[in-house]
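Hi,

Here is the structure you asked about. My notes follow below it.

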Amino acid sequence: MTELTIDPILVLLDVSSTGELATSAAELLGAAARIGTPVAVIITRPGHGQDAAMAAGVQGAQRVLVAETPEVDSVLAAHIVDGLVLAYERVNPSAVLISNSIEGRDVAGRFAVRTQNALAVDAVGVDCDDEGIIVHHSVYGGAYDVDSAVTFGTPVVTIREGGVEDRAAAANPIIESLEYVGTGRRAATIVSFAPEPAKSSRPSLRGATRVVAGGRGVGSAEDFALVEQLADVLGAAVGASRVAVDSGYVPHSYQVGQTGVSVSPQLYIALGISGAIQHRAGMQTAKTIVAINKDPEALIFEIADFGVVGDLFTVVPQLVSALIATKD
Ligand SMILES: Cc1cc2nc3c(=O)[nH]c(=O)nc-3n(C[C@H](O)[C@H](O)[C@H](O)COP(=O)(O)OP(=O)(O)OC[C@H]3O[C@@H](n4cnc5c(N)ncnc54)[C@H](O)[C@@H]3O)c2cc1C
């Protein structure tokens, strides 16, 4: 086994049931490469490990530890923690990076408790200085940038999807298998599993690079088609404010904000959204924010890079036509 001499950063990659890496892989490995040598861990069902490991190399993993287990189909989270602990003991990393996805948060908490390490959640970046690893967070709706550092052990960090721009150079990874030994700890078991057929070809909200979101100002479920139209022209995901969700314009899965999804896209367009702190909490780290609102005093303009004061039913159709015209 080849040992890397530079500080290894252990990165747990989320893998789909069909063995594909989640979109969060690139930014996790990018964040790891910023501070050390990215060593990926992949826990997947038997037969999927090699392809997933090669894909991790393309995204910048220098070394990949692969554990294959049929428990992927029957257990929630605990088997991933078992595999991650094995990798942690083998690699002795300087930090462990995990996606801030639903599963990632579950795994991170269990892993930190099991290994008695400190946990830093929902990071938007990592760096290091003379004293060690620094974790960047965006808190209180993006109103404050906060840095944290652990005072003991190895930091376990969950990274917000879309929060990190760093990308690692492609590598030809050393691939090692981890002899998976489940600890049989109590865990929720999966009694049935049925993939939801994709209802739309739009990108999903989590991890989307462009998001078009609508709020109360859109007025109705029927008129939400205008939000979707703009999203489709831009190849964007569709989001919504809580009022839009509570009013039944769109399902709850579209909600952006404190009690919804957090997004950090390159472009976020807010249509008829006032910019309440709870909404901003989920989108303020977007790289470019565009707001269309008929109220010039709307809070959303405080954080918008570009703003249009106007009726969205007048502005958006013109915007859609102009975008279509540029494509022709
Ligand atoms: C504990 C808690 C958690 C919450 N979590 C969330 C959350 O996760 N996400 C979230 O979004 N909210 C959340 N909220 C609710 C939040 O406080 C706001 O009520 C909500 O974000 C407002 O939604 P909105 O901007 O669509 O509606 P409004 O605040 O009513 O704003 C509508 C905007 O549309 C504009 N408008 C109206 N008509 C037009 C038009 N024709 N053209 C252009 N502009 C127009 C208006 O000028 C106005 O600015 C939470 C609240 C609480 C208390």
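How many Å separate the centres of domain 1 and domain 2, taken over C-alpha atoms? The separation is 31 Å. Domain 1 spans 8-177 and domain 2 spans 210-327; these bounds come from an automatic or database domain assignment.

Before the rest, two notes on the numbers. This is a predicted model, where local features need pLDDT of at least 70, side-chain atom pairs count only at pLDDT 80 or more, and totals for chains, interfaces and linings use all residues. Residues are numbered from 1 along each chain as its sequence is written, and side-chain values use heavy atoms, with hydrogens and water left out.

**Between the domains**

10 residues of domain 1 are in contact with 9 residues of domain 2 (heavy atoms within 4.5 Å). The two domains bury about 690 Å² between them, 48% of it on carbon and sulfur atoms. Buried area is the accessible area (1.4 Å probe) lost when two parts are put together, summed over both. On the domain 1 side, the touching residues are 2 nonpolar, 5 polar and 3 charged. Here Ala, Val, Leu, Ile, Met, Phe, Trp, Tyr, Cys and Pro count as nonpolar, Asp, Glu, Lys and Arg as charged, and the others, Gly among them, as polar.

**Around the ligand**

There are 25 residues around the ligand (a heavy atom within 4 Å of it). R216, S241, T259, S274 and N293 come nearest. A side-chain N or O atom of N293 is 2.7 Å from a ligand oxygen. A polar backbone atom of Q258 lies 3.0 Å from an oxygen atom of the ligand. For a backbone N or O atom of G260, the distance to a ligand oxygen is 3.5 Å.

Best wishes

Notes:
Polar contact = N/O pair within 3.5 Å; in protein donor to acceptor, adjacent residues only side chain to side chain.
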